Amino acid sequence: MAKITYITHDNQKYEVEVQNGLTVMEGAVQNDIPGIDADCGGGMACATCHVYVKEDWFNKIPKKEDGEEDMLDMAFEPKTNSRLSCQIVVSDEIDGLEVSIPSKQA
Amino acid sequence: MIKTDALIIGAGPTGLFTAHQLKLIGLNCEVVDNLDKIGGQCIELYPDKPIYDIPAVPECTGEELTNNLINQLKPFDIKFHLNERVEEVKKENENWLVKTNNGTSFSTPNVIIAGGVGSFEPRKFSPKECEKFENKSLFYSVKDKKIFKGKTVSIFGGGDSALDWAVELSKECSVNLIHRRDEFRGAQATIDKVHQLAKDRKINLYTQYQMASVKGDKNLESIDIKHDNNEIKNLKTDYVLGFFGLIMQLGPIANWGLNIDKKTIAVDTEKFETNQKGIYAVGDICNYPGKLKLILSGFHEGALAARACFKLARPNEKYRFEFTTTSTNLLKRLGKKE
């Protein structure tokens, strides 16, 4: 289990416990957190689960794999701390992770 | 006005197999899709990615699955209306009157929505004021390259479309190519060409920049682009092209009076009918208790919706369940028997 904090663009904070092995995207979808659309269902094919990872966490979580950066080219207002939340797998190591959700996904 | 027994919206795997089921039981149908090709998400999002959970098909790519479904439709005559988006669905007497953005209209007792997560639309620039110039001096696709001759064109994006147009337009225009990072994701030969053209000063390359704002009153005059380090650069430009791929949007479906929750449409599990009689939803776009977003579920849903269509399209006939292995009727339709 890891506690993940999702912050929406209008500054609503959602703190949820997410099971290990799920992705940060799934944690949001299962808890009805608004702003993460995940249209392709985690296939790294749509860039609608785009989040900004809080700076001090960005280098602690597992790095991007091939294809994620390409997909981020398509995301809405990508920044240097952008990730696709479907590619961040939850584990004890990321307990306390904070991500912000962009104002829209498309 | 085209009269048909059933109209299918969406030419993805579910829409294709639903067409198969309709034709098999003796109904005619037409298919509309906003993409320029058949296959839906399978062909647009993951043509090369292998799929492992199609029954009796241990492994196939999105493209192979699509081609197999198209082959399965070969015995039948089905009209596809590609590059068209259904805009309006309204009741007219007993039938549904359906209109597309190209002006095609259909009259049908049955509309089957097999729309996946919605229709594919180009992803747009984020600054709001870009809308003002859209389709005048700011485009998401090129319809007529002649208008750019001798002008300055600023191209955004890092994939094949952006790179190909940068190379092509650099022959007769002044080209700025702007991308959010140093790496491009196009074909290596094209990437090399772009770098060579940049060296020869035929293309002005700006990487780690993104669109910040567009400037101009009636006509586009210039754009501001912003570096990752927040530095802003102003570029004079006549035209802007954005190539950020496609995004799925529910679009006009939201206005047809259906029960929609989280981009999906509520249906029953007998006919896969929505709250509107004669409008069905199948595949990823439908929702019911226990719904799985799997291609195999879409096949099942389409098969049942097709049977429901029969009742409305042939009110005076009785539908009889038959097997393709034994039924002379079905084998004739499949072209396997005279």
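This is a predicted model: local features need pLDDT of at least 70, side-chain atom pairs count only at pLDDT 80 or more; totals for chains, interfaces and linings use all residues.
A crossing of two helices is called left-handed if the near helix is turned anticlockwise from the far one by less than a right angle, and right-handed if clockwise. Residues are numbered from 1 along each chain as its sequence is written, while chains are lettered from A and ligands numbered from 1 in the order in which they are written.

So much for conventions. The helix pair is H1(B), residues 13-24, and H6(B). Helices here are DSSP runs of H or I with at least four residues, strands are runs of E with at least two, and both are numbered from the N terminus. H1(B) passes H6(B) in a right-handed crossing. The two axes come within 8 Å and cross at roughly 35°; axes are lines fitted to C-alpha atoms, for helices over the stretch in contact, and angles run from 0 to 180 degrees between N-to-C directions. On the H1(B) side the contact includes Phe17(B) and Leu22(B), and on the H6(B) side it includes Phe299(B) and Ala306(B). Contact means that the C-beta atoms of two residues, placed from the backbone, lie within 7 Å.

H6(B), residues 295-313, also holds Phe310(B). Is Phe310(B) buried or exposed? Phe310(B) counts as buried because 20 C-beta neighbours lie inside 10 Å. The cut-offs are 20 or more other C-beta atoms within 10 Å for buried, 12 or fewer for exposed, and partly exposed in between, with C-beta atoms placed from the backbone. Beyond four places in sequence, Phe310(B) contacts Ile25(B), Leu27(B) and Tyr319(B).

For contrast, take Asn95(B), in strand E8 of chain B, residues 95-100. Asn95(B) is partly exposed, because 16 other C-beta atoms lie within 10 Å. Thr108(B) is 13 residues away from Asn95(B) in sequence, and their C-alpha atoms are 5.3 Å apart. Not counting residues up to four places away, Asn95(B) touches Ser107(B), Thr108(B) and Pro109(B).

Now the layout of chain B. Domain 1 covers 2-121 + 247-333, and domain 2 covers 124-244; the bounds come from an automatic or database domain assignment. Their centres, over C-alpha atoms, are 38 Å apart.

The largest nonpolar core has 59 residues, and those with the most contacts inside it include Val153(B), Ala162(B) and Leu241(B). Such a core is a set of buried Ala, Val, Leu, Ile, Met, Phe, Trp, Tyr and Cys residues joined through C-beta atoms within 7 Å. Helix H4 of chain B, residues 160-169, gives the largest share, five residues. Apart from this core lies another, of 48 residues, among them Ile9(B) and Tyr280(B).

The buried residues of H4(B) are Ala162(B), Leu163(B), Trp165(B), Ala166(B) and Leu169(B). Their cover includes strand E13 (152-156), helix H5 (188-199) and strand E19 (239-242) of chain B. Val153(B) has contacts beyond four places in sequence that include Leu169(B), Val175(B) and Leu241(B).

Last, chain A. What is its secondary structure? Chain A has three helices and five strands, in the order β-β-α-β-α-α-β-β. Its C-alpha trace spans about 30 × 30 × 25 Å along the principal axes. Of its 106 residues, 40% count as buried.
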